[in-house]
Amino acid sequence: AYPSVSKIPSEIDLAVVATPAHTVPQIVEEFGKAGVAGVVIISAGLKESCDAGAGLEEQLLEHQKKYGMRIIGPNSLGVIRPKINLYATFADKQAQPGKIAFISQSAALCASALDWASEAQVGFSAVVSTGSILDVDLGDLLDYFGIDAQTRSIVLYVESIKDGRKFISAARCSARTKPIML
């Protein structure tokens, strides 16, 4: 354990934030200063819960732009990459390795899919819960999994799309080589 991110002696590729909403911007700024490339924010209670939360998300976007980091969330179940044993999530089920990338805007549906997959013995190349989509969006994830060698098909649960052009462009490109189910 370290008293702060700046005291960690090695580089950090990925950080997971699961703290009260009001502390998230300060923590993400510390990660940015430390050169952390990616952040998964599990914390809820930002713009989806109150007006003050919208201000917190604006601070997060400022930090994201200033330090060039990528952010998944907030309000995310997290990210799972079974083949490399990456479980940056609060889900209690471990996913089996497979060839399906599952991307969901709903953490509850993501958790249900993990429960079902465990019983049905269905594996995943990755499971990503996008949460409120502050930075990394569905188009970014389609672009990534569209060229991912571990992924043969992509399943998406979508509640809303902020950038329709980006999403359609990524879907067209990825659908040339992999089936996409929405």
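The model is predicted, so local features need pLDDT of at least 70 and side-chain atom pairs count only at pLDDT 80 or more, while totals for chains, interfaces and linings use all residues. Residues are numbered from 1 along each chain as its sequence is written, and side-chain values use heavy atoms, without hydrogens and water.

**Nonpolar cores**

- The largest nonpolar core has 19 residues; such a core is a set of buried Ala, Val, Leu, Ile, Met, Phe, Trp, Tyr and Cys residues joined through side-chain atoms within 4.5 Å, where buried means under 20% relative accessible area with a 1.4 Å probe, protein chains only.
- Ile103, Leu142, Phe145, Ile154 and Leu156 touch the most other members.
- At least two residues each come from β6 (96–104), β7 (123–129), α4 (138–146), β8 (153–157) and α5 (164–175); helices (H or I, at least four residues) and strands (E, at least two) are DSSP runs numbered from the N terminus.
- α4 gives the most to this core, with 4 residues.
- A second, separate core has 18 residues, including Ile12, Ala21, Val36 and Ile71.

**Largest pocket**

- The largest pocket holds about 430 Å³ of space; a pocket is an open set of points on a 1 Å grid over the protein atoms alone, where a 1.4 Å probe fits, with protein on both sides within 12 Å along at least five of seven lines.
- Of its 20 lining residues, Ile72, Val79, Val128, Leu141 and Tyr144 lie nearest the centre; lining residues have an atom within 4 Å of a point.
- α4 gives the most to this lining, with 4 residues.

Key: Buried means under 20% relative accessible area, exposed over 50%, partly exposed in between (1.4 Å probe, protein chains only). Grid points are joined across faces, edges and corners, and a volume is the space filled by probe spheres set on the points.
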